[in-house]
Amino acid sequence: MKVYKLFTPTNVGALALKNRIVMAPMTRCRAIGNIPNDLMATYYQQRASAGLIITEGTSPSPNGLGYARIPGIFTEAQVEGWKKVTNAVHKKGGKIVLQLMHTGRISHILNMGKGTHIIAPSAIKATGQMWTDAHKMQDYPMPKAMTTEDITSTQAEYVKAANNAIKAGFDGVELHGANGYLLEEFLSPATNVRTDQYDGNLENRCRFVLEVTAAVAAAIGKDKVGIRLSPYGVAGDMPNYPEIDATYDFLSKELNKLDIAYIHLVDHSAMGAPTVPIEMKELIRTNFKNTLIICGGYDKDSAEADLESELCDLVGFGRPFINNPDLVERLEQGQELSQNLKTDLFYSADAVGYIDYTPYKVPVLHLID
Ligand SMILES: Cc1cc2nc3c(=O)[nH]c(=O)nc-3n(C[C@H](O)[C@H](O)[C@H](O)COP(=O)(O)O)c2cc1C
């Protein structure tokens, strides 16, 4: 019988994982008041057989809470709320890291608290609309270009948030450097036209991401820090640009020098985005010596193929974890996956379409006697 690498244990930085299946970060908008709760603890506990759970995007700052009902990690109440989640997952033998997501210009003030600002490297607004609970779909607003003080204070917020994550019992943090949010906005010349040391050339455009990564690694330990990247991704109105290969070549080499635990590469071609060229995946694989996770559109066989060819060390599954809480067991035992994915309930506010997907049931045989 074939032995699948997918189900073998491995180490990622400081973490010993029971298998190579990662539950990808997925925003689910159940954090009423931006505070994690019992419902979320149940949801994550149901999925604790993943080798590693990466939480939904969680804001390190009141300025980064751009979506409705996403959680934060900058208040005591949020830390207490997250403790319920980490305890629930650890009780089942799972490992869980917190994704730090500052939404940057992909934010709406109607979703945010008093005294907050929508900030970005430059005052360039995204084309498109986003959901607000108060007034439904709204155009993306014009962000405020970050001042030097904003840059310093935002970096400090990331550090505080990472420390809070450890206080809340997380096994580490993942910096969200993908999908058009604040960190990626610094990387791209389409969203970063600053005239200081954070733009002008690709090294400068990588500076904020590298400074945040270094500061977070210094605070909680480099072996507890990963980063998610999405070269060639278009989410959040991020167009392609001529220096994209050179940017990620430089960035991945610099991340390697920081010796963090992992890079988590996103390929959203299965969701209609452009394909990430294989050369880009191989480039990051070559430049970065620690763990590489790749995510997007995988099934058991394609995941196993990329592990066996050593293109990556772990594989992320997103949507399959939503309607298959026992995804690992189903893949391992060759059971059918649920096809009943309720996409209209991805971002709703309650238990329906969230914790009511059931584990695999052996079909009942109706014998005729
Ligand atoms: C409902 C939903 C919410 C998501 N939220 C996030 C998020 O908070 N952070 C993030 O990095 N990616 C997010 N993603 C992207 C997933 O992590 C993953 O990359 C994507 O679903 C592709 O993997 P899949 O084909 O296995 O679903 C989200 C995807 C979905 C479907």
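Colleague: Leaving aside neighbours within four places in sequence, which residues is V315 in contact with?

Modeller: Keep in mind that this is a predicted model. V315 is among the residues with the most contacts inside the largest nonpolar core. Once neighbours within four places in sequence are set aside, its contacts are L6, R20, I21, V22, I294, Y298, A303, D306 and L307.

Colleague: And that largest nonpolar core, how many residues has it?

Modeller: V22, Y44, V173 and V315 have the most contacts inside the core. Helix α5, residues 202-220, gives the most to it, with six residues.

Colleague: What radius of gyration does the protein have, and does it agree or disagree with a compact globule?

Modeller: The C-alpha atoms fill a box of roughly 80 × 45 × 35 Å along the principal axes. For 369 residues, a compact globule would come out near 21 Å. The protein agrees with that, its radius of gyration being 20 Å.

Colleague: Among contacts between residues at least 6 apart in sequence, what percentage join residues at least 24 apart?

Modeller: For context, the protein has ten helices and 14 strands, and buried residues make up 47% of its 369 residues. Among the contacts between residues at least 6 apart, the share joining residues at least 24 apart is 74%.

Colleague: On to α2. How far apart are the end C-alpha atoms of that helix?

Modeller: Helix α2 has 16 residues, 76-91. At 1.5 Å a residue they should span 22 Å, and the model agrees with that. The end C-alpha atoms are apart by 22 Å.

Colleague: Which elements do the buried residues of α2 pack against?

Modeller: The buried residues are Q78, V79, G81, W82, K84, V85, T86, A88 and V89. In general, an α-helix has 3.6 residues a turn, so residues three or four places apart point the same way. The elements that the buried residues of α2 pack against are α1 (38-46), β4 (52-58), β5 (96-100) and α3 (148-167).

Colleague: What follows α2, with a positive phi?

Modeller: The phi there is near 80°. The residue that follows α2 is G93.

Colleague: R28 lies in the loop between β3 and α1. What does R28 touch, not counting residues up to four places away in sequence?

Modeller: R28 counts as buried because it has 21 C-beta neighbours inside 10 Å. R28 and N179 are 151 residues apart in sequence and 16 Å apart in space, C-alpha to C-alpha. Residues up to four places away aside, R28 touches E56, F346, Y347 and Y354.

Colleague: Now the ligand. Which of the 24 residues around it come nearest?

Modeller: The shell divides into twelve nonpolar, nine polar and three charged residues. Of the 24, the nearest are A24, T27, G57, G318 and R319. The elements that give two or more residues to the shell are β4 and α9 (319-323). So that we end on what you asked, the nearest are A24, T27, G57, G318 and R319.

Colleague: Last one: is K361 buried or exposed?

Modeller: K361 lies in the segment after α10 (327-333). K361 and E336 are 25 residues apart in sequence and 9.9 Å apart in space, C-alpha to C-alpha. With 7 other C-beta atoms within 10 Å, K361 is exposed.

Notes:
Residues are numbered from 1 along each chain as its sequence is written. This is a predicted model: local features need pLDDT of at least 70, side-chain atom pairs count only at pLDDT 80 or more; totals for chains, interfaces and linings use all residues. Helices (H or I, at least four residues) and strands (E, at least two) are DSSP runs, numbered from the N terminus. A residue is buried if 20 or more other C-beta atoms lie within 10 Å of its own, exposed if 12 or fewer, and partly exposed in between; C-beta atoms are placed from the backbone. The expected span of a helix is 1.5 Å times one less than its number of residues. Two residues are in contact if their C-beta atoms, placed from the backbone, lie within 7 Å. A residue is near a molecule or strand if its C-beta atom, placed from the backbone, lies within 6 Å of it. Ala, Val, Leu, Ile, Met, Phe, Trp, Tyr, Cys and Pro count as nonpolar, Asp, Glu, Lys and Arg as charged, and the others, Gly among them, as polar. A nonpolar core is a set of buried Ala, Val, Leu, Ile, Met, Phe, Trp, Tyr and Cys residues joined through C-beta atoms within 7 Å. The radius of gyration is taken over C-alpha atoms; the globule rule is 2.2 Å times the number of residues to the power 0.38.
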